[in-house]
Amino acid sequence: MPAASHLLIPYALSPAPGCTQVLPALDLPMLRALLQRLAPGASLAGTPQSLSMPHERAWAQALGLPSEDGRIPWAAWRRVEQGQAPGAQAWAFVTPCLWHIGADHVTLSDPAALRLDEAASRALLDILAPWFAEDGITLHYEQPTRWLAQGALFADLRTAALERVLGRDVRHWLPPLASSEAARRLQRLHSEVQMLLYTHPFNAAREAQGLPAVNAFWVHGAGALPADWHMSRAATAAAPTTLTVAEDLRAPALREDWHAWAAAWQQLDAGPLTALHAQMQRGAAVQLTLCGEHGALSFGPARRNWLQRLQSVSRPLRLSDLHKAL
């Protein structure tokens, strides 16, 4: 029997009015054909205040990772992807960023707008590393807008996904000071870094080049892998499923360019969804998970009686029908 395939699509829908406006004209024949043949399965419900995005939780569950809100150890898993053994140590991602500080809000802008290259990012890491080290945190360069950090402080720290915070007031997403000593230490480190970078020559040089300043950082994906994760992963590998995460919709959704989002959906329909439909036609067990900002819903093979099959033909499920679930 052909190997099972699982396609996970983040940002499949959004509650934004612009998304609702482009939906009626969005024709996705392969998605429609898949939803006609597959049956709704597991769902994940969240709220606008959830720290983890629905696609993060669905992705974590597919990988056998802990999926508790705000406690998905993405950075530790990234170490595994790199061929490293994170052991029982706690890791986190640290993203250098710019906070716009107003009279009644502190907004985080998209780190991509900083235009950090590798040289600048490494120089900034070298500036900040001693300050993080005072709290037992070791920084490791990974990419210009994302570093890896190892330290006991991240073991039980609940963190918000960077995507939750983009363009929003960071104060609503920082770990509450009353929640733990780790949260208080992180808040102090935030203040120290802001003061350090406010007049630092690093930012003076960037200003001279017409580049935005870097005045803050964001911690996300914190935690340690469970002690038995490797064993449980080996057990599930006996019946492997190929997981593909299609992130084509992410960028246009985050910048709320809904015409580009609709165009990206059509490319997904002509590409990965067409391939998934072809695999289903060949007899493979396929799974499709659609994720929005508030929830996720999976579809998979299921036995249906004649009435359910007739209903799926006469009233086929469409993407617009899933707004409440996602």
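In which loop is the place of Arg115? In this predicted model, Arg115 lies in the loop between β5 (106-108) and α5. The phi angle of Arg115 is near 55 degrees, a positive value in a residue other than glycine. Most residues other than glycine have a negative phi. With a relative accessible area of 54%, Arg115 is classed as exposed, because the cut-off for that class is over 50%.

A positive phi was also computed for Tyr11, where the angle is near 60 degrees. Tyr11 belongs to the loop between β1 (4-9) and α1 (17-22). The relative accessible area of Tyr11 is 4%, and the residue is therefore buried. Ala119 has a relative accessibility of 58% and so counts as exposed.

Helix α5 (residues 118-133) was also examined together with helix α7 (residues 181-198). Two packed helices are described by the angle between their axes and the distance between the axes. For α5 and α7, the axes come within 11 Å and cross at roughly 140 degrees. An angle over 145 degrees would count as roughly antiparallel, and 65 to 115 degrees as roughly perpendicular; α5 and α7 are therefore oblique to each other. The crossing of α5 past α7 is right-handed.

Aromatic contacts were considered next. Six aromatic pairs are present in the structure. A pair of aromatic rings is described by the distance of the centres and the angle of the planes. In the pair formed by Trp59 and Trp74, the ring centres are 5.4 Å apart and the planes stand at 55 degrees, so the pair is tilted. This pair links distant parts of the chain, with Trp59 in helix α3 (residues 54-63) and Trp74 in helix α4 (residues 74-81), 15 residues apart. Trp59 and Trp74 are both buried. Together with Trp77, these two residues make up one aromatic cluster. A charged side chain is also placed over an aromatic ring: Arg146 lies over the face of Phe93, at 4.0 Å from the ring centre.

The cysteines were checked for disulfides. A disulfide is a covalent bond between the sulfur atoms of two cysteines. The count of disulfides is zero. Cys19 takes part in no disulfide, and the nearest cysteine sulfur to it, that of Cys291, is 14 Å away. Because a disulfide requires two cysteine sulfur atoms within 2.5 Å, a separation of 14 Å leaves Cys19 in no disulfide. The relative accessibility of Cys19 is 0%, so this residue counts as buried. Cys291 is likewise in no disulfide, with the sulfur of Cys19 as its nearest cysteine sulfur. Cys291 also has a relative accessible area of 0% and is buried.

A further alanine, Ala251, is placed in helix α10 (residues 250-254). Its relative accessible area is 39%, and Ala251 is therefore partly exposed. Between the C-alpha atoms of Ala251 and Ala103 the separation is 29 Å, while along the chain these residues are 148 residues apart.

Technical notes
Residues are numbered from 1 along each chain as its sequence is written. This is a predicted model: local features need pLDDT of at least 70, side-chain atom pairs count only at pLDDT 80 or more; totals for chains, interfaces and linings use all residues. Side-chain values use heavy atoms; hydrogens and water are left out. Rings of Phe, Tyr and Trp (its six-membered ring) pair if their centres lie within 6.5 Å; planes under 30 degrees apart count as stacked, over 60 as edge-to-face and the rest as tilted. Helices (H or I, at least four residues) and strands (E, at least two) are DSSP runs, numbered from the N terminus. Buried means under 20% relative accessible area, exposed over 50%, partly exposed in between (1.4 Å probe, protein chains only). A charge sits over a ring if NZ of Lys or CZ of Arg is within 6 Å of the ring centre and within 35 degrees of the ring normal. Axes are lines fitted to C-alpha atoms, for helices over the stretch in contact, and angles run from 0 to 180 degrees between N-to-C directions. Angles under 35 degrees count as roughly parallel, over 145 as roughly antiparallel, 65 to 115 as roughly perpendicular and the rest as oblique. A crossing is left-handed if the near helix is turned anticlockwise from the far one by less than a right angle, and right-handed if clockwise.
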